[in-house]
Amino acid sequence: MVKMAANEEKQQGHRAGIYKQKNKGHKHGKHRTKGEIERENKGRVSVTVLSKKQRREQRKMDRRHKANQLRRNKKDRVLTEKRHLGSKDGPPHLVAVVPLHVQVSASAVAKLLRGNDAGGIVHQERCISGVTESFALLLPRFKQRFIFMNQNTADLHSLLDIAKVADSLVFVLDSTEGWDSYGEYCLSCLFAQGLPSHALVCHGLTDLPMKKRVDAKRALSKITEARFPDTRLFSLDNEQEATLLLRHLGSQRQRKLGFRSRRSHLLAQNVTFTPNTDGNTGLGTLCVSGYVRGCPLSVDRLVHITGHGDFQLSQIDAPSDPLPLNISAARVIKPGKDVDMLDGGEEETTRVLMKADPSRRENLQAEAEVDPMDGEQTWPTEAELLEAEEARKHKCVMKVPKGTSDYQAAWIVDEDEENGDIDEESSDEDDDDDDMMDEAMEGDEDEDLQSQEPGSGCVSDEEDGEEEEVCASERAGADQRYDENMDKAAEEEGLQRYREARANEMFPDEVDTPLETPARIRFQRYRGLKSFRASPWDPMENLPPDFSRIFQFQSFERTRRRILTEASAEDEGAMVGWYITVHIIDVPPSVMENVQAGRPLVLVSLLSHEQKMSVMHLLVRRHPSNMEPIKSKEELIFHCGFRRFKASPIFSQHTSADKHKMERFLRPDAPTVVSVYAPITFNPAGALLFKQREDGAQDLVATGSLLSCDPQRIVLKRIVVSGHPFKINRRSAVVRYMFFNRDDIMWFKPIELRTKWGRRGHIKEALGTHGHMKCVFDNQLRSQDTVLMNLYKRVYPRWTYDPFVPLPSLWVKREVTVEMQDLDDME
C-alpha cells in the first residue's frame, strides 16, 4: 500500500512550497508593463508583503478616486458657503458703495439700487449703527437679501473698517477719468489690507453724447485693466442695469481673506450702552447686535473692537431677525415707525443663547507678571555675608553703565572708573544720529546761507515805472500772506529730518569720534564682530526690562498651525448667519461716542493668545506717494488685520541670517522689516503704516504683511568710526583722526579694520598720545582711501503701544492730490 502511494506521488510530481527560492530571470531586454506583470502573477502577492503590517499601497485608480473625492468635497463646501450668503440661512450680503472720484455720487447709485424694477422690499431704517446712509434690500425674487452702505472716502479709517467685514465692494467710477489721485490712494490702502469681492460701476454715461458712449466705455475699460484685470465693468444709469448688478453681486465668486475667514466677526447694527452702577469707573456694558460671519462665535473667547481694545463677553442673546426673507414677515420699515422692532421693543422675543463660564472664559492678561525676585535662589547665610563683606573691603568696585555684560565689563580698566558713569536716559536715545546730524548741518551751512540771501524775489527797478512797482507791492502782499500760513517750527523740523536722511545715505552709519568724551566711554555699549554673518551673539544676553513683560513661543509656526486647525474645527457657539446680541462688559464710553459720531463698529473674536503682548515683525515696502523721511523709533499708526494701534517701531533689513542690521530710516527701494511691541496676531494679515501730521491728518507711509512673532530676532545697530591714512608704507600705515588718545586705541585694538576700497587689517600699536596709530593691512593702501571700524549693539523697539487711536476728522483730498502730482513730475 505504501509502495503504491509513493508511485502515485512520483507520477504527479513535487509541488514547491511558498518559501521556495526564486532566482532572478534572464534580462532579455524586453519591458513588461504593469498589466502584464499582474496577469502573470494572477493575484499572487509575495510573502514578504503579506507578513508586514503596513497600509496597502494604493493603486493608480484608487489614488485618482481619492483626489476626485477631495476635490468634490471642497467644491461642495465652497458652493454651500456661497449659497448661504444672503439667503435665509446665512447673513445678508454686505455691500459697500465706494466712490473713487470727486465728481461721482454714491447716493445716486444707491437710489437706483432701491428701485422697484427688481421687485425688492426696502427697509429704510438705518441698518448699520452709526452709518447714516445705509439700507437693507430684500429680494424674494432672487431669494437673497442685501445691506448697502454708502461709505464716504473722506474718513479712510472707517472705509478700511468696513472693507474688513464687507462681502463685496462696489467702486463707482467717473465716465471719463475713472478715478482721481485720491481714489488711487484709497485703492492702494484697500489692496494692501486685502480686497474682498468687488464690482466696477460707471455712472454718468447717459450724460455723454450718443456717439461718444461706446468710445468712453472702451477707454474706461482700458484704464481699469491695470488695477482690475479680470473684473467686469457695469454701466449703471437705469433700474434695469441696477437689476443686472444685483444679480451679479449675488452670484459672483467670493474672495476669501485669511485674516477674517478664520475668526468670527460682525458689523454692529444696533448698539446700546449701560453704565456700571457699582462704582465711578465710567465703564459699562455694551450690547451689540449683528449677524455672525466667518466662524461660530463662542461666548468664552475674547473680542476685539477695532480701535478700542480687547474685552470679555458675559452672554449672547438671540433676538428675532429684523430682516426676514419670508415675504409674509417682511414689510417696509419707514423712518419714525416700527422703531421698536429694531431697538428691542415689546414685540421682540429675545432668548439667552449662552452665558460665559468663569472657569473657561479667557482672561485679559496682556503682559506677563514680573517677579523682581525671579533671579534669586536662596537667602545667603551669615557666613556668606561675612565672607562677602571681607571680599568687598579688598576688592575694587568699578562703576559700569546699565546693561553692560561681564564680557564688556572686563575691558574697563580701574584707572578709568571715574569716567564710567553714563546717563541712562541718553543711552536709550539715538545720540549717534545726533552727531551725524550735526555733521550734516555744518556741511550744509554754506548752502543754506546762499539759499536765504535776499534778491531772489520780484524787485522793482528805478527805471521801470509805476506798473512794476504795483507788481512788486502785490507780490510782497502775496508773500506775506503765504508766510502767515506757514508753520516755521514744522519747516525747521522737516529740514533737519531731510539733512539726517541725506547724511545717512551719503555716509551710511558713519559717526564722529567725540573730542570731549573718551571713545571707550562713548561707545562702551558697542562691540566688534569678526564676521557679521558668522560671529555668535547670544539672543538672551542683557535683555531690557520690557522683555520680562512679553510672551514668547517655543515654535511660533507650530503653535499657529495648531490654533488655526482647532479654530476651523470648532462648532460651538453662535453659528454663522445668526442674528445675535452680545453683551460686552467693562467697555469705556468712548466706544459709544464713536458710534454716535457716525463711525461703524466692527467686532471680531480673538484666537488663543492673541491678547498677549510680544514682539511682532512686519514686512513692508515704502509707499511711493510718501517722500518724507521716516526715522526709526518714530511713532506710527498701524493697521494689522483687525487691529489698529499706535507704536514706535524699529526698522531692519530683511535677510535669512540670524542677525539683522538696523536701518535708521525707512528705505524706499527695498523691503524692510518693522519690529514693534504689539499683541500677538497669527498671520496671514495685511499691514498698513500711517504717520499723523500735526493738523490731525494721516499719511500712508508703507504697506505690507505680517511676518512673524519672534522676540529673539537680533537687530544690531551699526556705527562706523572712520580714520585717514597719514603715512603709508608697503603694508603698514599710520592712521589718524579715528581716536584722539592712546587709551582709546588700546581699548579698540582687538577689533578688525577695513577700508572703503576693500582692504582689511588691524591695529598694531599706538604712536604718541594724540591718537596716531600704526596699522597693518593685507595690501598697500591708497592715499585717498578711508580706514573704517565697525561697532555693533543690539537695539529694541520702544514700548509705546496704544490701542486707542484718535481718528482724523477729515482727510484732506487736495493735499494728497498735490503730493501725487509732484511724484509724477519727479518721475
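A quick term before you click: buried means under 20% relative accessible area, exposed over 50%, and partly exposed in between (1.4 Å probe, protein chains only). Helices (H or I, at least four residues) and strands (E, at least two) are DSSP runs, numbered from the N terminus. You're looking at a predicted model, where local features need pLDDT of at least 70, side-chain atom pairs count only at pLDDT 80 or more, and totals for chains, interfaces and linings use all residues. Residues are numbered from 1 along each chain as its sequence is written, and side-chain values use heavy atoms, with hydrogens and water left out.

Start by selecting residues 93-99, strand S1: seven of its seven residues are buried. His-93, Val-95, Val-97 and Pro-99 point one way, while Leu-94, Ala-96 and Val-98 point the other.

Look for Val-97 opposite Asn-150. Then show S5, residues 168-173, also parallel to S1 over five bridges; here Val-98 stands opposite Phe-171.

Next, salt bridges: a side-chain nitrogen of Lys or Arg within 4 Å of a carboxyl oxygen of Asp or Glu. Pick Asp-161 and Lys-164, which meet in one at 3.5 Å, N to O. Both lie in helix H6 (residues 156-165), three residues apart, and both are buried.

Which residue forms a salt bridge with Asp-744? Select Arg-520: the closest N and O atoms are 2.9 Å apart. Asp-744 lies in helix H22 and Arg-520 in helix H19, so the pair ties together parts 224 residues apart in sequence.

Key: Pairing = 2+ DSSP bridges.
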